[in-house]
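Here are my notes on this model, as numbered points. Please read them with the structure open.

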Amino acid sequence: LLGNATTYAPASGRIGLSAALEGDHVVITIGNTNDQLAKDDLPHLFESFWRKDSARTDGSHSGLGLSLVAAMLSLMGGTVRVVLNPPGWIQFVVTLPAA
């Protein structure tokens with residue numbers, strides 16, 4: 001997720017990272033500025049091979065990264081969700097069992 005943030009944030013953009021213990025879970029939030037995504041895109045981000053605009057890809061990405069993140073977190077008993085909050089700022093929120 002951090003690699004995604006550095007890859008897809010614009011050159012003048014920002015990246016944020018936070019972690020907190022919330023009850024019996026660890027919550028990690030990774031975000032970056034991104035004005036290319038809309039709310040309608042969010043349900044597709046974890047689909048294998050989905051690309052916002054395949055015409056703009058340089059061929060070095062396949063659209064598997066986020067689907068692999070979701071699958072690995074599921075195996076570890078965790079989850080990942082994505083929000084645009086505020087618009088122009090995308091955040092991936094990972095929740096994992098603390099134990």
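Which residue takes a positive phi in the hairpin of strand 1 and strand 2? Gly23 does, with phi near 65°. Two residues lie between the strands of this hairpin.

1. Basis. The model is predicted: local features need pLDDT of at least 70, side-chain atom pairs count only at pLDDT 80 or more, and totals for chains, interfaces and linings use all residues. Residues are numbered from 1 along each chain as its sequence is written, and side-chain values use heavy atoms, with hydrogens and water left out.

2. Four strands make an open sheet, ordered 1-2-4-3, with antiparallel pairing. Strands are DSSP runs of E, at least two residues, and helices are runs of H or I, at least four residues; both are numbered from the N terminus. Two strands count as paired if DSSP finds at least two bridges between them. The edges are strand 1 (15-22) and strand 3 (79-84), each pairing on one side only. Neighbouring strands are turned by 15° against each other on average, direction ignored. The axes behind this angle are lines fitted to C-alpha atoms, and angles run from 0 to 180 degrees between N-to-C directions.

3. Pairings. Strand 1 and strand 2 run antiparallel and are joined by eight bridges. Leu17 stands opposite Ile30 of strand 2. Six bridges join strand 3 to strand 4 (residues 89-97), again antiparallel. There, Arg81 has Val93 of strand 4 as its bridge partner.

4. Thr29 sits in strand 2 (residues 25-33). Thr29 is buried, because its relative accessible area is 16%; the cut-off for buried is under 20% (1.4 Å probe, protein chains only). Beyond its neighbours within four places in sequence, Thr29 contacts (heavy atoms within 4.5 Å) Gly16, Leu17, Ser18, Gln91, Phe92 and Val93. Gln91, in strand 4, is also buried, at 19%.

5. The core. The largest nonpolar core has twelve residues, among them Leu37, Leu66, Val80 and Phe92. Such a core is a set of buried Ala, Val, Leu, Ile, Met, Phe, Trp, Tyr and Cys residues joined through side-chain atoms within 4.5 Å. Helix 2 (65-75), strand 3 and strand 4 each supply at least two of its residues. Strand 4 gives the largest share, four residues. Leu42, another member, touches Val82, Val83, Leu84 and Ile90, not counting residues up to four places away in sequence.

Conventions:
Buried < 20%, exposed > 50% of the residue type's maximum accessible area, 1.4 Å probe, protein only.
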